[in-house]
Amino acid sequence: MPPVFDKPHFDISNSAVPGRYTSPPQNIGDGRAPRLREEHGSMLRQQLQTAFLQGEVEREQTALPEGLTPSAGQYYEIELKRGTKAQKLERKREHTVVGATKIDEENDRVSAVVFIPDESIPVLDTIFDDYATGELTGKGEPRRKDFVDPIETIRRARLFSFWTDDPASLPEHAHEGIWWEVWCDSDKVTDIAAVFRRMECRLAHEDRWLHFPETSILPVLARRADIELALIVADGIGELRRGSDTPNFYLEDERENQHDWADELAERTVWPGADVPRVCLLDTGVNRAHVLIEPALDETDLMSVRPEWPATDNLHCSHGTPMAGLALHGDLFPRLQDRGEHTLSHRLESVRILPADGFGPNDPARYGSITMDAVALAEVQNPERRRVFCMAVTNEDRSGDRASSWSACVDRAAGGHLFGDEDDRPRRLICISGGNVRNAMQAARLGVLEDYPIEDPAQAWNALTVGGYTDKTEIDPADPYFANYRAVASVGDISPFSRNSTSWHPGKSPIKPEVVFEAGNRAVSENGQDLVDCPSLEPLTTGADADRLPIVNFRATSAATAQAARMAARLKADHHEFWPETIRGLIVHSADWTEPMAQRLFAVNSLRARKQLIRTFGYGVPSYERATASASSDLALVAQRTIQPYRRKPNGSVVFNECHYYALPWPRDILEEYAEQEFKLKITLSYFVEPNPGKSASIDPARYQSFGLRFDLKRARETERAFRQAINAQEREDPRQGGPRRGPDSGWVLGPDSISAGSIHSDVWCGTGAQLAARNTLCVKPVSGWWKERRDPQVCAQEARYSLIISLTAPDTEIDLYTPISNIIEPGVEIEI
């Protein structure tokens, strides 16, 4: 209910300027000017009520996104006499909170944004009334003098009230989007982030959120109109600025003080113990002497595939040490800005696979065996460790459109088929960069996308291939060299360094890259002709020359791959029981397309065209938060199972053996209650194959993979019996006859034809609650592979592992899916084989 103003208000309509005195009253509380005291207090009461009612009207007339409601309070802008401390306006009992504070030089006043709960308005009204008309104290002063006297005016806060940056940098138009720094109360940041997510604004990953004792800074990509809506819905927003900070501050302005910044970060880092996962870098070695690396990298974990090579990085041509910093900490830019505790849950290992200075180059034909030797070296030294392998080394300008000896070795290593793996078949997660677009200095020399295919060995089916996107578009305005330059890629778009698989045969090659991480941006001149690398547009990491420059910029898909490996290691630390196949599946499953990607993807209705588009940016940008969260309105189900795809019949022929049926635990009553609203279902299937390169494997995926799997979801109008008969010949009365005819399966973003090759498959289905309630059975079924061509039971009758991840997103955060589904699956959901 709105507050009740139970006392009359003084009419100030005759003032020269409504709401402001032509000359501020003096000596209000000395007992000699009661009229001025009464006038001042009554004016403040009137202004408070006017501001409140203006806000009420605005809250009633503003159309809010579904699921959002106005907050139980409003923001007010209060002007104070110059020299007054704005914190005096905070009243804990009334839960009033002071936000942005600015000095108005022109009027010699201080202005402050104050959030006041609706229920506290009558209290403040009484305070102003006591000041205006109440009895004086024993000293002859009005009651509440210290609180009321400094207040000059009260009005409804507007967006500019919160803006403490350069006024010229505030977007003028409602639909103009920029990166905003939303300064929040630390205990409200999670709620405010949820509001922006509900409004479908883009939040930076939590790694980039900054935390201070009383304030958290939330980077948000939003339009001006979105921010104005958030000020109606969310309490706890204190200040707004443009997200314009760049890494150049640490690279140039603080170049001489880099050691101090690195030492300070090291001091507030909570370093990991010994029994944690490792990111094992296959690169140029690492300089362990760096203050931000040494506590997480044991000296014995610095290795080299050739004993004569030093295990440390080259100082003048380093690659492994910058990779190590990103794999351990992520982008150092937000870490250096933050003041909070930085906790690590994984460590590092390093195996040098590239020659040091003074040694001859590797034989390109031996990179497959070198990679397997490096994997084996790390595991022989510490066989019980959990690790993620990270390799940002590719065969330059060698397209990965077909399997090579190197990519096949990567697939063998990931699938547990190295020499010595015969007994327990340990699977391995290997993150590989997709390679980089050449650094052209002139835009005219750049080709089209198809000219830059993913490089060998990133075509490996079992590897997680990483491309690049970028959120970095702010160039340091103080750098004169880049005065007339702008960022090449817009926020959320593909990094200019990233390669793609659009030129590969769509039906015979896997989708690569599967995911994209931050890879940095490039700058282009005002005339659009000159292209240059720009430190402002690149992540920060650890430098190999730790004595001279411990903080350096680092870019391209190498930077992206190191960050992907970091996410994988963090997930391994959180989920000891998850297989490498599952970790890879979670990363892909957590990925989402940024707005520029989604606009391109959904601008076409052809599923074939969409399939080609995702060959540039994969399944999108992964999120550690999405991979680990299980919110009530957005939850994930994970299954790790073993399947025997084929069996040998007594007559010697080899046939398909098992299908796995999952009865999906949908809360039917909730789905029927929201029958017309749209839900989103995402399914990801991940497994590792045993490769068989050569012969016709390059033109027939079934010849390369040992086995293949697909998922299928029961149609809404399909009976359980018809569904089983359609996908499994053994369910039919006569297995030789075809199954029931099935209509088109609409609602998928990519569709079943998008799955042609590869060992990870992911798609999103969107439909109503009524449709979803009927789509309650999922099947995992085998397809052909070279195991099926072998009659030896030791080959054709092998078992294989897979991970299945299913997530369901409700249209409204108020819809609780978690509780009813958890009640269904708590006893255990069995699969039917």
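Me: How do the residues lining the second largest cavity divide into nonpolar, polar and charged?
Reply: This is a predicted model. The second largest cavity has a volume of about 90 Å³. Of its 15 lining residues, Ile511, Tyr619, Ala757, Ile760 and His761 lie closest to the centre. The lining divides into 7 nonpolar, 6 polar and 2 charged.

Me: How many cavities of 30 Å³ or more are there?
Reply: A cavity is space where a 1.4 Å probe fits but cannot get out. By this rule the count is 6.

Me: Which strand and which helix each supply at least two residues of the lining of the second largest pocket?
Reply: This pocket has a volume of about 1,000 Å³. Its lining holds 43 residues, and those nearest its centre are Ser318, His319, Asn436, Phe554 and Ser558. By class, the lining has 18 nonpolar, 16 polar and 9 charged residues. The two elements are strand S24 (551–553) and helix H13 (556–574).

Me: How many disulfides does the structure hold?
Reply: Cys280 is in no disulfide, with the nearest cysteine sulfur, that of Cys390, 9.3 Å away. The structure holds 0.

Me: Is Cys280 buried or exposed?
Reply: Buried means under 20% relative accessible area. Cys280 has 0% relative accessibility, so it counts as buried.

Definitions and conventions: Residues are numbered from 1 along each chain as its sequence is written. This is a predicted model: local features need pLDDT of at least 70, side-chain atom pairs count only at pLDDT 80 or more; totals for chains, interfaces and linings use all residues. Side-chain values use heavy atoms; hydrogens and water are left out. On a 1 Å grid over the protein atoms alone, a cavity is a set of points where a 1.4 Å probe fits but cannot get out, and a pocket is an open set with protein on both sides within 12 Å along at least five of seven lines; lining residues have an atom within 4 Å of a point. Grid points are joined across faces, edges and corners, and a volume is the space filled by probe spheres set on the points. Helices (H or I, at least four residues) and strands (E, at least two) are DSSP runs, numbered from the N terminus. Ala, Val, Leu, Ile, Met, Phe, Trp, Tyr, Cys and Pro count as nonpolar, Asp, Glu, Lys and Arg as charged, and the others, Gly among them, as polar. A disulfide is a pair of cysteine sulfur atoms within 2.5 Å. Buried means under 20% relative accessible area, exposed over 50%, partly exposed in between (1.4 Å probe, protein chains only).
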